[in-house]
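This report covers the overall build of a protein, one of its pockets and one of its residues.

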Amino acid sequence: MKLGTRARYAVMAMVDLARHDDAGPVPLAEIARRQEISLAYLEQLFAKLRHSGLVRSVRGPGGGYLLAHDRNDTRISDIILAVEEKIEAVRCKPGEAIGCRGDGGRCLTHDLWEELGRQIHLYLSSVSLGDVCERRVLGTSFAPQRAGVAAQAAQAAQAAQAE
């Protein structure tokens, strides 16, 4: 399962906004340039984000967008749902009696995929924009840095024991 372009681009743009809005409203053109996303596409996404109350717009010279809430209070799942992306791993609608097979029944792995969708939603609900901005989300992008930090911590512990 992978998230659609709307969800990925909306999250990328919101993280960019969260990292740059301390200096005031951020024009979409700047986000588009930094994230290599079409300005027209961002305008569509931000209309949905504004309608959902996640961002607010400032018109006129020096205008742009600001986060409507503190970045630590904005959940990644809220961004994805605001741009109308569903977080699910089954073909049929979760919780409905009609299943994903042509005869209306559920496939043998239905419950597995439905629970996976729930777990993904729970995880994305637990991660804030602040977590992403501050790199508090574990992944492999910064594995060499984390390995270096772990090695430094191990060396410090050894030095402390030697004393």
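Accessible areas come from the Shrake-Rupley method with a 1.4 Å probe, and for residues only the protein chains shown count as cover. On that basis the protein exposes about 10,400 Å², of which carbon and sulfur atoms supply 52%. The model is predicted: local features need pLDDT of at least 70, side-chain atom pairs count only at pLDDT 80 or more, and totals for chains, interfaces and linings use all residues. Residues are numbered from 1 along each chain as its sequence is written, and side-chain values use heavy atoms, with hydrogens and water left out.

The protein has seven helices and two strands (DSSP runs, H or I of at least four residues for helices and E of at least two for strands, numbered from the N terminus). Their order from the N terminus is α-α-α-β-β-α-α-α-α. Of the 163 residues, 31% are buried (under 20% relative accessible area; exposed is over 50%, partly exposed in between; 1.4 Å probe, protein chains only).

Asp-16 is part of helix α1, residues 5-20. Asp-16 counts as buried because its relative accessibility is 4%. Beyond its neighbours within four places in sequence, Asp-16 is in contact with Ile-31, Arg-34 and Gln-35 (heavy atoms within 4.5 Å).

Ala, Val, Leu, Ile, Met, Phe, Trp, Tyr, Cys and Pro count as nonpolar, Asp, Glu, Lys and Arg as charged, and the others, Gly among them, as polar.

| Class | Lining residues, second largest pocket |
|---|---|
| Nonpolar | eleven residues |
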